[in-house]
Amino acid sequence: MEQIIVNGVVLAANYALIALGLTLIFGILSFLNFAHGQMYMLGGFVVYYVYAIFGMNYFVALLACALTLFVIGVAFETLFFRRVLRITTREENSMLLAVGTALLLENLALTLFGEKQRGVPPVVTGVYQIFGAYLPASRLLVLVLSALLVIGLLLFVQYTKPGRAMRAVAQDKEVTLLMGVNVGRISALGFGIGAALAGLAGGLLVTTSAINSGIGTAISIKAFIMIMIGGAGVVAGAILGGIVLGFTEAIGYALIPGSVTYLLIFVGLIIFLIIRPQGIMGKPWG
Amino acid sequence: MRQTMPASDLGWGQLGLTAARLAGLALLALVYLVALPVWFAGSNYILGVLTNASILSFISLGVWVTFAIGRINISQGAFALIGGYTAAILSTRHGVSFWLCLPLAGLVAAAVGTIIGIAILRLRGVYFAMITLSLTEAVRLAFLNGGAFTQGASGIVNIPRPDALEIFGLTIIPAFRGADPLPYYFLAATLLILGLLAVWRLTTSRLGWVFRSMRQNEELAASIGINVAKYRVIAYGFSCFLGGVGGAFFAAFHQNIYPATYSVTDSVNFMLYCFLGGLDFVFGPVVGAFLLVISFELLHDLQQYQALIYGILMISCILWLPNGILSLTFRRGQAPEGEEEAAAPVPDPSGKPRGSPT
């Protein structure tokens, strides 16, 4: 039981990080970033190369990973999404583009990195024992860093000027523009930060579970489940979604086979959405 | 902003079925049903690719119908899987004829789709997209964990080829023999043409107007007395029917089905075919599917970069042809109200197109 709680906490913290990035992008640009899982995967690969292959410090690798994904996110926003969001009238088109970028990243990774499963040597070793549950130091590191990043992001969005501008854009784009905010730059920044969070989540989890080029879709589905539970575009909802999914998964994996766990999660999700279509904290059709 | 609303309000039929257009369609059908099979009779590979593209188009037509009511449907793979398993289980264990399995698979898929649809069609926009995506994964996992009934990951193999279709002792269609791809090609072509006719008829009928009014503004449609809940389930059920029939065809075509036969990627692909062809055109999914499937085969020579080029091609397509490939053909001349209106946002005709019931 204690073990389940410990596993749940670690999963929840990391999942919250993934969901936060997705919900940030959704809130600001109002489209679903299908490539989120692929960004997670790329983040994992950046850490793999910088840390495991080039042998640099793990934190340098994390920084490189955040920077790489930030640049990718900003590039996607300015080169692709800005144009498509401007010229199309059907919201479906931006989704098609998101799917296109997901395919591009996945195929790029397949071409560059191959299909092999990649893991990295442990950053920290040792196992802690808490209330009879085992917590490997590597998982503790993931937990601490994830929690720090989540708190850091919350503070950033709440108290800094760009953060306030992001919340404003999410609420009302036109009025924000009238207030003299450079909406284009804020959108790019939001996409960049969202992408960086996905990448960091990948860079953190690569230390405990290996990654491969094809992992993206599975991660994206998890991210979607989380923001459906919590409500799309709501920061607190994303964290809540991460906690719910993390614990459900931890309990499920401990008691029943893995694929049945996810089947039950899906069934539960569909029933939940019948009762509350906008998620726990979402506004209707936000 | 290029001619989106006008074209979407005008179905294929309203664009005018002139004599020239009819002749063009007839010629297209002739090429498809006669010239192509004669030309490629010797090449099993090419016929296989064309058969594949035909049924993929057929399945995508269903997704197109759900787009018509304004829902992004990423669950079509799930219903192809349900249809495929229905046909596989009926034919291998109960000896049901393929010709009965085909419609039954569609009906089972439609029934499941209707039940699930009643629940999930209340969702809209990205929520609907996300839940249907999850549904694809859920159905795959359900078949994976179905125990003896679905035979888990090992799937159902040795599905019999289509047998002879006889009515009162009269053989209408002879049994499919060996590895000859021609019968499959003709069956696929027939299905696609029937599917296209059905969808075309649907979009030009009263139901089509109802669907379009729902896409533009569901509340408004409801307020003028349209039973929105009923019609969206009808659209979704119809979509699932096409998915089920297509899945049953592939089960007999490949003679096997596994839980992994249709994954999220396939559901996304069905959606992409519609997008790429153009959501405003009945022919959209057909053009999209044929183009992507055939270009994928052509890019085979570039081997390792194939998928990458494919991704780049797709993004360029979206960037420069956001309303689909078919929007090219209607841009000049034919375009109802073309470039003039491109600059100004199209005034919303209060969500009530002409001819919509009041």
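**Close-up views of a predicted two-chain model**

**View 1. How confident is the prediction for chain A?** Chain A has a mean pLDDT of 86, with 98% of its residues at 70 or more.

**View 2. The overall build of chain A.** Starting at the N terminus, they follow the order α-α-α-α-β-β-α-α-α-α-α-α-α. The C-alpha trace spans about 55 × 50 × 35 Å along its principal axes. Chain A has a radius of gyration of 19 Å, which agrees with the value near 19 Å for a compact globule of 286 residues. Buried residues account for 55% of the 286 residues.

**View 3. A hairpin in chain A.** Here strands β1 (residues 127–130) and β2 (residues 133–136) of chain A run antiparallel, joined by four bridges. Look for A:V127, whose bridge partner in β2(A) is A:P136. Two residues lie between the strands of this hairpin, and A:F131 in the turn has a positive phi of about 45 degrees.

**View 4. Where chain B meets chain A.** In this view, 39 residues of chain B are in contact with 41 residues of chain A. On the chain B side, the elements giving two or more residues are α5 (98–120), α6 (125–144), α11 (264–277) and α13 (306–320). The largest share, 13 residues, comes from α6(B). By type, the chain B residues that touch chain A comprise 29 nonpolar, seven polar and three charged.

Terms used: Residues are numbered from 1 along each chain as its sequence is written. Chains are lettered from A and ligands numbered from 1 in the order in which they are written. This is a predicted model: local features need pLDDT of at least 70, side-chain atom pairs count only at pLDDT 80 or more; totals for chains, interfaces and linings use all residues. Two residues are in contact if their C-beta atoms, placed from the backbone, lie within 7 Å. Ala, Val, Leu, Ile, Met, Phe, Trp, Tyr, Cys and Pro count as nonpolar, Asp, Glu, Lys and Arg as charged, and the others, Gly among them, as polar. Two strands pair if DSSP finds at least two bridges between them. pLDDT is the predictor's confidence in each residue, from 0 to 100. The radius of gyration is taken over C-alpha atoms; the globule rule is 2.2 Å times the number of residues to the power 0.38. A residue is buried if 20 or more other C-beta atoms lie within 10 Å of its own, exposed if 12 or fewer, and partly exposed in between; C-beta atoms are placed from the backbone.
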